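Let's take a tour of this protein chain, going from its sheet to the helices around it. Have a look at the picture before reading on.

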Amino acid sequence: MYALKTISEDLDQFAETIKSILGAEVLIVDDEFVRLVSTETSKQYAKIDQQSVFAHALTHNKAFIIEHPRVDDMCLDCSDRNSCTEYALACAPISIDGAAVGVIGLIAFTALEKNALMMKKEELLNFLNHIAKLIAIKLVEKQKTLHIEMMANELHFIFEAIEKPMISCDAMGKIVRYNQASLIYFKTESALQKNVAQLLQVSCKIKSLPLHKNLRYALDNEGEILTGTYRRYGEQTHENAQFVFVLEDSKSILGMYQAVQSYAKPVKLEDLVGNHPLFTDAIDRATRGAQTDLSIMILGESGTGKELFARGIHHASDRQFAPFIAINCAAIPEHLLEAELFGYEEGAFTGASKSGRAGKFELANGGTLFLDEIGDMPLSLQAKLLRVLQDGYITRVGAHFGHHVNVRIISATHQNLKDKITLGTFRKDLYYRISTFPIDIPTLRERRTDIPQLVRFFIHKYRPNDSEQIAKISPEAMTIMSTYDWDGNVRELENAVAYALSFGVNQGIEVRNLPRHLMCNEEMPKCVMSKDVLFKEAIQKYGTGSKGLEKVQGLLSISRATVYRRLKNLKK
């Protein structure tokens with residue numbers, strides 16, 4: 001909204017200058033019919049009649065001249081008509097974006113003043129319209145200045161309210177602003193008089209830094225490590241570019257990180273077990289995805305190892321030294337999930353911690369946030385998550401201000417999100433935001449040739465710590481494991497091996513040690529107890545051709561000679 005009264009001093013100067021030049025009285029009225037300026041000082045700030053000529057110019061947004069007041073058609077309804085002493089007048093609306101915000105007028109109270117005004121009527125209207133435009137420009141500039149001042153005050157308040165140290169500098173690294181948190185952290189103002197490159201031990205020149213990146217800052221004082229992010233504003237080569245650094249001391253980050261994440265051995269993609277082409281293709285795609293900062297969507301059935309892939313991608317990326325935070329969106333009640341993701345302030349809800357709590361986004365700042373089973377996220381939170389991914393800002397529950405986070409999102413689901421989009425239970429815009437780089441993990445049924453290798457891996461994993469002996473598995477037991485459907489995939493296989501080893505590593509793994517359900521196929525109620533039965537079923541499925549026998553060999557993990565021998569016995 002444009003208010004003429006905000007430039008009242010400028011209006012006074014306009015009016016006095018015009019009066020001294022033309023000799024007529026000057027009147028300026030705002031859009032509420034109030035005389036803001038009147039060289040007839042006794043009438044200043046009084047309202048004009050809403051049926052007057054000036055009100056007509058305001059409501060119709062039109063300039064005109066009245067040569068014969070009282071008898072002109074526009075004067076007939078004016079309540080001041082009978083007492084009017086005006087000889088002539090001219091007025092022009094002050095317009096901004098096509099809307100009148102006021103009127104400026106000239107009034108002649110003597111015949112001499114009238115003659116002077118009416119001598120060149122066309123030039124007079126052009127002059128008034130020009131003055132009205134100048135006033136409009138002045139008002140727009142004033143409003144912009146007021147808006148900038150208001151924004152500056154708001155930014156200053158936010159800058160000081162943020163508890164993390166924040167420092168801004170110019171392209172040469174000279175600090176131009178810092179908040180109270182910075183002063184508390186660095187203890188003295190003298191420390192903040194240094195160049196940013198010197199203060200934060202940045203090895204390169206400030207203006208050569210990339211647009212936005214995570215940094216680790218090694219400080220001299222007390223051997224502390226400062227981590228955080230920065231953003232550059234302006235062109236890279238522009239001498240007026242500015243940088244804003246948002247910092248956090250390592251002790252604070254470590255405390256939050258350890259609160260939700262116990263120590264775990266890093267997962268390397270190259271160490272994941274499996275040689276099947278479908279699996280190695282997934283590994284290759286994950287490796288390529290790790291070199292980008294794109295949002296990754298991992299698709300696969302439950303138990304296929306989606307979180308292992310996510311951890312492997314994190315370790316292979318340039319965020320490997322930052323936190324990896326995982327959250328299962330299906331395991332947390334809907335009314336608590338928002339607080340878990342975004343954190344909350346003191347007193348945000350009943351039972352909230354008095355000191356507030358950081359959410360998973362804050363804990364993962366600079367690192368990776370793994371959103372498992374994202375298909376179960378409520379629609380209300382999907383909208384908020386989309387906003388965070390677009391803007392990079394989070395707001396704690398109960399907070400008035402948000403702050404920037406730099407988090408790489410890896411999502412996972414076993415559901416068909418496109419079906420959920422059709423049903424209206426998953427946002428299409430969020431789907432395209434989080435699935436920039438999709439990775440499909442094959443089921444264990446699709447890579448049966450990896451089962452023997454996985455079994456040996458889990459045998460080694462679950463052998464007793466004090467045992468040097470590696471348990472052996474009988475060919476019959478391996479055959480059963482290789483032909484079972486494994487609806488629970490690798491997780492179910494791992495549990496089966498752990499169960500079998502519970503009978504004692506010295507006994508090895510025999511058919512009798514396996515979970516009973518492995519030896520019954522739901523589609524074939526007959527229990528599979530014999531290696532000959534397994535072989536017969538495999539032959540019936542793949543045939544006796546060269547390629548078929550290769551599949552049988554790989555499926556049952558037996559040699560080619562054993563395949564031919566059993567085939568010969570089967571024909572007898």
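## Ground rules

Helices (H or I, at least four residues) and strands (E, at least two) are runs found by DSSP, numbered from the N terminus. Two strands pair if DSSP finds at least two bridges between them.

What you see is a predicted model, where local features need pLDDT of at least 70, side-chain atom pairs need 80 or more, and totals for chains, interfaces and linings use all residues. Residues are numbered from 1 along each chain as its sequence is written, and side-chain values use heavy atoms, leaving out hydrogens and water.

Five strands make an open sheet with antiparallel pairing, in the order 2-1-5-4-3. Strand 2 (35–38) and strand 3 (64–66) sit at the edges with a single partner strand each, so one side of each has no neighbour in the sheet.

Strand 4 (residues 88–96) and strand 5 (residues 99–108) run antiparallel and are joined by nine bridges.

Helix 1 and helix 4 (residues 121–161) pack at about 160 degrees, with axes 11 Å apart. Axes here are lines fitted to C-alpha atoms, for helices over the stretch in contact, and angles run from 0 to 180 degrees between N-to-C directions. The two helices are therefore roughly antiparallel (angles over 145 degrees; under 35 is roughly parallel, 65 to 115 roughly perpendicular and the rest oblique).

Who makes the contact (heavy atoms within 4.5 Å)? Helix 1 brings Asp10, Leu11, Phe14, Ile18 and Leu22, while helix 4 brings Leu124, Phe127, Ile131, Leu134, Ile135 and Lys138.

Notes: Contact = heavy atoms within 4.5 Å.
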